[in-house]
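Have the sequence and the 3D view open as you read.

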Amino acid sequence: MSPSELKDFLELKYSQYNTPDFIAEDPISIPHQFQRKEDIEIAGFFSALIAWGRRNMIIRNAQSLMERMDMAPYDFVMAAEEEDLNRLSGFVHRTFNEQDAYALVLSLRMAYQQEGGLEALLTKGPTVYEGLVNLRTVLSTHPVFPQRTHKHLANPAKGSSAKRLNMYLRWMVRSDKRGVDFGIWKGLAPSQLLCPLDVHTAKVARKLGLLTRKQNDWKAVVELTDNLKVFSPEDPVKYDFSLFGLGVYDGF
């Protein structure tokens with residue numbers, strides 16, 4: 001496939017999958033239930049953090065977590081007392097459990113009170129890399145933050161692809177009038193985003209010649225994104241829809 005043919009193919013799949021019909025079967029459906037910026041970003045954060053495994057299970061468990069927060073995640077993060085926090089008891093999604101949820105609620109409270117919130121943490125620094133490192137550093141300093149919860153905050157400094165957090169950044173930063181991504185954060189430009197890399201997108205990207213690195217790590221994320229920038233330097237991550245759709249729906 002020539003470069004121009006590949007671009008046309010990616011654009012076709014982008015248009016096919018970046019539609020409101022995509023929302024219902026994706027974890028992004030959870031933050032789409034909210035209107036307030038802070039509710040959207042907190043609901044999105046928790047939904048993205050547990051976004052591994054079957055998507056129907058991710059959605060079900062993320063919805064359960066929001067209901068435990070009285071469908072008011074920002075108010076819960078900022079004001080929940082011990083009795084309220086007990087509603088998190090029994091929550092589990094794979095290796096993410098009530099301890100992780102409890103620690104992150106209180107860490108986020110500190111972040112909103114002292115650091116300006118999730119947007120400020122993740123858009124601090126000249127690149128996404130610095131933002132991700134800053135998020136992990138700040139949240140993990142809370143006294144209640146246990147060692148076990150560190151594994152749920154990806155660390156690109158140790159080579160992690162940070163798939164779920166890069167996906168979360170796509171949700172918050174991109175805005176293309178198609179109704180899927182929110183575009184409520186202005187501290188980063190879409191051109192700065194990095195493509196979320198999971199087994200589906202990596203497999204498709206290698207088949208299309210967009211990725212040569214064998215490991216699904218941070219270097220692979222940078223390589224893939226750089227290659228996508230050839231086709232859309234101002235918004236390379238829009239092709240996440242193309243690669244994911246090809247892998248999950250088209251069986252490419």
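In this predicted model, helix α2 (residues 37–49) and helix α3 (residues 55–68) pack at an angle of about 140 degrees, with axes 9 Å apart. Angles over 145 degrees count as roughly antiparallel, and α2 and α3 are therefore oblique to each other. The crossing of α2 past α3 is right-handed. On the α2 side, A43, F46 and S47 make the contact, and on the α3 side I58, A62, L65 and M66 do. Sorted by class, this contact of α2 with α3 holds 6 nonpolar residues, 1 polar residue and no charged ones.

From α2, the residues I40, E41, G44, F45, S47, A48 and L49 meet R164, L165, M167, Y168, W171 and M172 of α9. The class count for the contact of α2 with α9 is 9 nonpolar, 2 polar and 2 charged.

Next comes helix α6 (residues 98–114), which packs with α2 at an angle of about 145 degrees, the axes being 12 Å apart. Here, too, α2 passes in a right-handed crossing. E38, E41, I42, F45, F46 and L49 of α2 touch A101, L104, V105, L108 and Y112 of α6. In the contact of α2 with α6 there are 9 nonpolar, no polar and 2 charged residues.

| Pair | Angle | Axes |
|---|---|---|
| α2 and α3 | about 140 degrees | 9 Å apart |
| α2 and α6 | about 145 degrees | 12 Å apart |

Which residues are the closest to the centre of the largest pocket? The largest pocket has a volume of about 580 Å³, and of the 33 residues that line it, A51, W52, K163, R164 and D198 are the closest to its centre. R164 is also one of the α9 residues that meet α2.

The largest share, 6 residues, comes from α9. By class, the lining of the largest pocket is made up of 18 nonpolar, 7 polar and 8 charged residues.

How values were computed
Residues numbered from 1 in each chain as written. Predicted model: local features only at pLDDT ≥ 70, side-chain atom pairs only at ≥ 80, totals over all residues. Heavy atoms only, no water. Axes fitted to C-alpha atoms, helices over the stretch in contact; angles between N-to-C directions. Helix = DSSP H or I, 4+ residues; strand = E, 2+ residues; numbered from the N terminus. Parallel < 35°, antiparallel > 145°, perpendicular 65-115°, else oblique. Left-handed = near helix turned anticlockwise from the far one by under 90°. Contact = heavy atoms within 4.5 Å. Nonpolar A, V, L, I, M, F, W, Y, C, P; charged D, E, K, R; others polar. 1 Å grid on protein atoms, 1.4 Å probe; cavity = no way out; pocket = protein on both sides within 12 Å on 5 of 7 lines; lining within 4 Å. Points joined across faces, edges and corners; volume = space filled by probe spheres on them.
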